[in-house]
Amino acid sequence: MFPQFGATAETLSKASTMVFRIGTDAHLYDDPDDVNIAPLLDSKYDSEKCEALKRLLALIAQGLDVSNFFPQVVKNVASQSLELKKLVYLYLLHYAEKHPNEALLSINCFQKDLGDPNALVRAWALRTMAGIRLHVIAPLVLVAVSKCARDPSVYVRKCAANALPKLHDLRQEEHNSTIEEIVGILLNDHSPAVVGAAAASFASVCPYNLSLIGRNYRKLCEILPDVEEWGQIVLIGILLRYAIARHGLVKESIMSSLKCSENFHAEKHVSDDNMGLGKESSDSWAYDSESVNMVFRCYIESPDEYLSRSSYANRASFELNGAQFTSGKTNDDVKILLYSTSPLLWSNNSAVVLAAAGVHCIMAPKEDVKRIIKPLLFILRSSNASKFVVLNNIQVFAKAMPSLFAPHHEDFFIYSSDSYQVKALKVEILSSIATDSSISSIFKEFQDYIRDPDRRFAAATVAAIGLCALRLPRMAHICVDGLLALTRQGLFLFSYFVLSVCLDRIKVPAARAMIIWMMGEYSSLGEIIPRMLTTVLKYLAWCFTLEALETKLQILNTVSKVLLGATGEHLSTYKKVFSYLVELAECDLNYNVRDRSRFLKKLLSYNFVSEGVEEITCCHVVVDCIFKKQTREVKAESINYRVYLPGSLSHIVLHAAPGYEPLPKPCSLLLDDFNKPEGTCAIVKGAGDHGTSSDPSDNESASDYDSQHSFTGSSSGAHADDNESSEGNENPDPLIQFSDIGNASEIQDGVFHSSPANLGEISNRALESWLEEQPGSSNPGILEQSQACKSLARISIGDVGRRIKRKSHSLLEAANGNGLKVDYSFSSEISTISHLLVCIEVFFKNCSSETITEITLVDEESNIASNDDVPTLVPMEKISSLEPGQTTRMILQVHFHHHLLPLKLALFHDGEKLPVKLWPDIGYFVKPLPMDVQAFADKESRLPGMFEYTRRCTFAGHIEERNKEFGDSLLNKDKYLAICESLAVKMLSNANISLVSVDMPVEAKLEDASGLRLRFSSEILSSSLPCLITITVEGKCSDPLNLSTKVNCEETVFALNLLNRIISFLVEPAY
Amino acid sequence: MLQCIFLLSDSGEVMLEKQLTGHRVDRSICDWFWDHVISQGDSFKSQPVIASPTHYLFQVVREGITFLACTQVEMPPLMGIEFLCRVSDVLSDYLGGLNEDVIKDNFVIVYELLDEMIDNGFPLTTEPNILREMIAPPNIVSKVLSVVTGNSSNVSDTLPGATGSCIPWRAADPKYANNEVYVDLVEEMDAVINRDGALVKCEVYGEVRVNSHLSGLPDLTLSFANPSILDDVRFHPCVRFRPWESHQILSFVPPDGEFKLMSYRVKKLKSTPIYVKPQLSSDAGKCRVNVLVGIRNDHGKTIDSITLQFQLPPCILSADLTSNTGTVNILGNKTCSWSIGRIPKDKTPSLSGTLVLESELERLHVFPTFRVGFKIMGVALSGLQIDKLDLKTAPSRLYKGFRALTRAGEFEVRS
């Protein structure tokens, strides 16, 4: 009875642990397949079935595929035992998608269970049925959900709400309005538990349909405190979006007060009268207005707008007019939202607290915002994992309104148990909230932190001290003195620096440059520093060559500043150091460093020669210039990255995660929307349409590129023929065409999408280069970037059409079919009957010596299942007779319903019946969708993230082809062309798609095919959704190539299957 | 919403996977995760949100078990993290602790629990009391039954009544012969003492834990004698917000059994119950250590299980540390742990000895930070006092009990 006991209990200690394991499922997990599972599943005892299912679960848990038991497991769905049911459901949900046909068998049971008097049974049945994810049963599930949405049991209604996103996930347009209607019903439910789940489904089903919220807004606000915690998180976000879309922003809030101070001067006076006491207190708080504006703007604008703005560097573009503001004092909807979210700041769930804090930060009048501070600080204590997330959010709040957090600086003191990320965040926050009164205690802490064994953290602390010194000029001497005091202690700090520069090249140069700058700036401060200076300068000169660019420039600045301010004894030493450094810098690799050194040398040489007044002032101008530049840069740094909504995932990962939506545009939801009949409400999205807002910049930059590329094109002297269509062209000569393949969207991909940071860097560099030119001077930088950026040439392949060979499969061999041989191949024809049908060419050949009569193919399963999801065959015309040696071609039309299992057919001839199998090819479940590159890129950009799948494989088709053609006269055929052609032929012969473009990089090296890109487009037959395929080549021309194949398609399951199919035929050798 | 949850053992083995939505997540993501853990070490392990090439990962590590959740779309990260924390709490509550074996042994229960707790990536039932009614925790009786009969179901046949009521945390109508309520104040003291020996920060994080065994639908009110000292509070969902807002009174219908009624924080305390005075000096390739521990001001209660832990610097060759009370252990990861227990009346516990540095080092620049642990029964150091606990519709006999306990939280002494 205890096989595990006897086998393993060798020692006493083992035996004692075994005692605890008795009665658990330990032996099932350890040896799940030590017995034959199949007979257990068919057993008549529930307990044995349970054990079998537990073994299967154990195998699933261990990552093994046990889907082959599916048919046997499904049978047990009808069991009365709830435990068994639960286990079956767990198994079923895991594998249903793999076995759609068998899963269908369980539907009847679910439907029966839905009528069960036990609410638990109903709920489970609904959850499982909706979770199976089969397109065919979607209508059934929809009916079930709408029935359960009116169920007397709260739990069942809750499960109904949860089932809606599952249904919506199948993306069947025709059900959307019904789904939204049910969401509306459930949002109106009187039970808070249901409302919470309904809010979650609203957020994933129809987040833009805010008018649905409008009808219940008051009620939702009132019920909010009673909703269960997880629902609260989502519901808070929805209510906030609604309030902004409906009423606009609150003009007393921090977010808008600074922004519109000029615009609403008149109105401000009125509200000031109302505020009375509040005004005095609020004025005493200093807000970092630039940061607030920045944060606020980021919350509202979508990523596209953000990109277009940063490309223009137009900081003041975001204007709001008066109508987009409302008053939090008079607007009841805003008041009730704040009133109902304020107790949630005491919630036990930190996510709820953060969500509520976000609402208050954005909507609350600024004298009330301080109530979010303590709860935010409190949730820092909840768990280590959430600490990091909360601090990330506090960081932005603290930068926007440092004064609110200033009294609580103690909360950001670090513990030794904090992780590095948490420590670094805390120190950064401390540096931004330090005030004149708190700096002394904060600085004392910093001094402790510098001795932290973690060098990265010590470096971060030094940077933070530098920031404090900049923020609080009055206190700067404390910081600098303190730092240098540390330095004196056996140069201990610098030894850290050298080590950390070696360790970490990204973070530290900034801190290093900062401290060097401080030395230069305060070189005459205090008593210790001047005495230290010679040593420090010598040290800097010694390590100059090893420094990063930023630090090098800073060292030059510092030394020249020191030299200018120097008098007396040390002057000659400084001069020596300076000339040594200039010599080094003039040989530097970086032109910026060389420029600066020459410039400084010229300027300062005057200073040495003559002691004239003008020169000295001139030098002081330079010093000013250096000084100002430095401070300006740091100011701009305060928040120089994109900020996302508080509490969002995007905020933590610092890029817009798929599905991230900024707040709606203020007042974009109009009252009229309420008057429309339900279900057809307009989807009011942000006023700025994505396309239009980013257009101008694209066009402009596109034209830049045009000129650029036409230049390259003409210089290489190739043909340029824009109207060359790529496929089916009769021109036998392939053309390599250099054209502006880097069209608007391509550029967008290359530069604007991926690298707003790059742009910033360039303009910074432009500033740094001192040649204080016009603001437009950043343009050359961009152009330069574009030169470096890949320019592409388009290749047209002419004669592919002819070389396409459809693969022929055998349906019936002559030996098995009494002399009848049947082959089939998938055809690219489009069925005339229905767009759902796939056309298959079938060739009947009589290999025997007698005439074969009455040949027909029928669907074997058609009479069994009446269900409409089974693959069906359009009845074929009968071939009355086939003479010996004769071949007949027929077109077979099949509706596969995306099934990839072989289709069982029956072939009748001469009255005999032969079973045959037809293997579907997913490559032909699509049809070509001709489009140009522009449209392709456009569609592709709309299918990012989860709609995109990539796989890699190797391809050797071009080598085989070359070997084959070796004897031919075509020896000198271009290798690129050979690759392109063989790839294209392979793709087009195996799938019903159209070739969009073939691009290759212009500066491609000989023999190196990397960068070659083929684009194909198609459309899924059944759903008419576009399906885009991109193949990118890497590797040498004469070796097997590495291909990375990418499929973008909204129907992800289909896309994955298609991708797998493509990979499999690309890898298989040519036939 | 969440797409998949993985449970990883500390060796990186995937013990369990639970797919939550139709968008299946391949377990190769765990390989990616573990590769990065190995190559980047602890700094990666302490990152709660990770952006992998294909998914966003949330990770929570509890007692060596890594809970990993994946998503591909925007969702509040705290929701994912908080949910994983709940899962780990519920599991350790069910299984009596968390470790690799106990999860493998009870994998069926883990699956069943996960299935109840989350539906389609959105949390469904997370209230521990309700879960207990839906899925029975393993206990001796059920284990024995399953051995004897070979069969026992831990899945409840009916829906707990509470899922439908407006107080979803309370099971419907329990009956008790003795009506009892116990209220515990459990406090943790966080303190930082800097290199100069000054108290930089001292605060208390406390919880009010209630264990209630009351029949019917009791309505309790709890009030404090000095609620004004509370800096901030957080409540169990059962607490009504408005009475607290207006009168600082906790009014609630308690869940059955044990639960955390509220947590609170008291800031800016002036003193700590014990003092720790480290003296370290380093020269000539050695470092002399001398640490004194003593009671600062007597609360009249004994201070129990005093411990002191610190990380030896990495550049130490050998350490020779002795103490006059308690035992000193140097653990494998160069952690030195000194357990004192109670402070004897006649002498002051002290730890002294020398650390020998690596040969090329002259002196030590970085001194360790000491982490202090202690426990005091019967006193709440924050000074919070419970005024009274009332039960509306009082049953004939109600037994009320109050206790308090303070222990060290993040108590650090830098040197």
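**Questions on a predicted two-chain model**

Biologist: Is A:E1019 buried or exposed in this model?
Modeller: The model is a predicted one, and every value quoted here is computed from it. The relative accessible area of A:E1019 is 15%, and a residue counts as buried when that figure is under 20%. A:E1019 is therefore classed as buried.

Biologist: Which residues does A:E1019 touch, not counting residues up to four places away in sequence?
Modeller: A:E1019 itself belongs to strand β17 of chain A, which covers residues 1013–1020. Once residues up to four places away in sequence are set aside, the residues that A:E1019 touches are A:F925, A:V926, A:K927, A:L929, A:S1024, A:L1025, A:P1026 and A:C1027.

Biologist: How many helices and strands does chain A have?
Modeller: Of the 1071 residues in chain A, 55% count as buried. Among the contacts in chain A with a separation of 6 or more, 70% are accounted for by residues 24 or more positions apart. As for its elements, chain A has 48 helices and 19 strands.

Biologist: Where do the buried residues of α11(A) fall, seen down the axis?
Modeller: Helix α11 of chain A runs over residues 138–148, and its buried residues are A:A138, A:V141, A:L142, A:A144, A:V145 and A:C148. Seen down the axis of α11(A), these residues lie within an arc of 165°, so they line one face of the helix. An α-helix has 3.6 residues a turn, so residues three or four places apart point the same way. The place asked for, then, is one face of the helix.

Biologist: Which exposed residues does the face of α11(A) turned away from its buried side carry?
Modeller: On the buried side, the cover includes α10 (119–131), α12 (154–169) and α13 (176–187) of chain A. On the face turned away from that side, the exposed residues are A:V143 and A:K147.

Biologist: What area do chain B and chain A bury between them?
Modeller: The contact takes 108 residues from chain A and 104 residues from chain B. Of the area that chain B buries against chain A, 8% is supplied by B:E74, B:L78 and B:R234, more than any other three residues. Carbon and sulfur atoms carry 56% of the area buried between the two chains, which comes to about 9400 Å².

Biologist: How many salt bridges does the rule find across the interface of chain B and chain A?
Modeller: One of the salt bridges pairs A:K86 with B:E116, whose closest N and O atoms are 2.5 Å apart. Helix α3 of chain B (residues 77–95) gives eight residues, the largest share of the side of chain B that touches chain A. The same interface has 36 residue pairs in polar contact, while its salt bridges number 16.

Biologist: Which two residues meet in a salt bridge at 3.0 Å, N to O?
Modeller: One partner lies in helix α12 of chain A and the other in strand β6 (residues 118–119) of chain B, so the pair joins two chains. The residues in question are A:K166 and B:D119.

Biologist: Is B:D231 buried or exposed?
Modeller: B:D231 forms a salt bridge with A:K374 at 3.3 Å, N to O. B:D231 lies in the loop between β10 (219–224) and β11 (232–235) of chain B, and A:K374 in helix α24 (residues 373–378) of chain A, so this pair joins two chains. A:K374 is partly exposed, with a relative accessible area of 32%. For B:D231 the relative accessibility is 19%, and the residue counts as buried.

Biologist: How many residues apart are A:E428 and A:K399?
Modeller: The side chains of A:E428 and A:K399 meet in a salt bridge of 2.9 Å, N to O. A:E428 is partly exposed at 28% relative accessibility, whereas A:K399 is buried at 13%. The pair links helix α27 (residues 420–433) with helix α25 (residues 384–400) of chain A, distant parts of the chain, and the separation is 29 residues.

Technical notes
Residues numbered from 1 in each chain as written. Chains lettered and ligands numbered in written order. Predicted model: local features only at pLDDT ≥ 70, side-chain atom pairs only at ≥ 80, totals over all residues. Heavy atoms only, no water. Buried < 20%, exposed > 50% of the residue type's maximum accessible area, 1.4 Å probe, protein only. Helix = DSSP H or I, 4+ residues; strand = E, 2+ residues; numbered from the N terminus. Arc of directions from axis to C-beta. Contact = heavy atoms within 4.5 Å. Buried area = accessible area lost by both parts, 1.4 Å probe. Salt bridge = Lys/Arg side-chain N within 4 Å of Asp/Glu carboxyl O. Polar contact = N/O pair within 3.5 Å; in protein donor to acceptor, adjacent residues only side chain to side chain.
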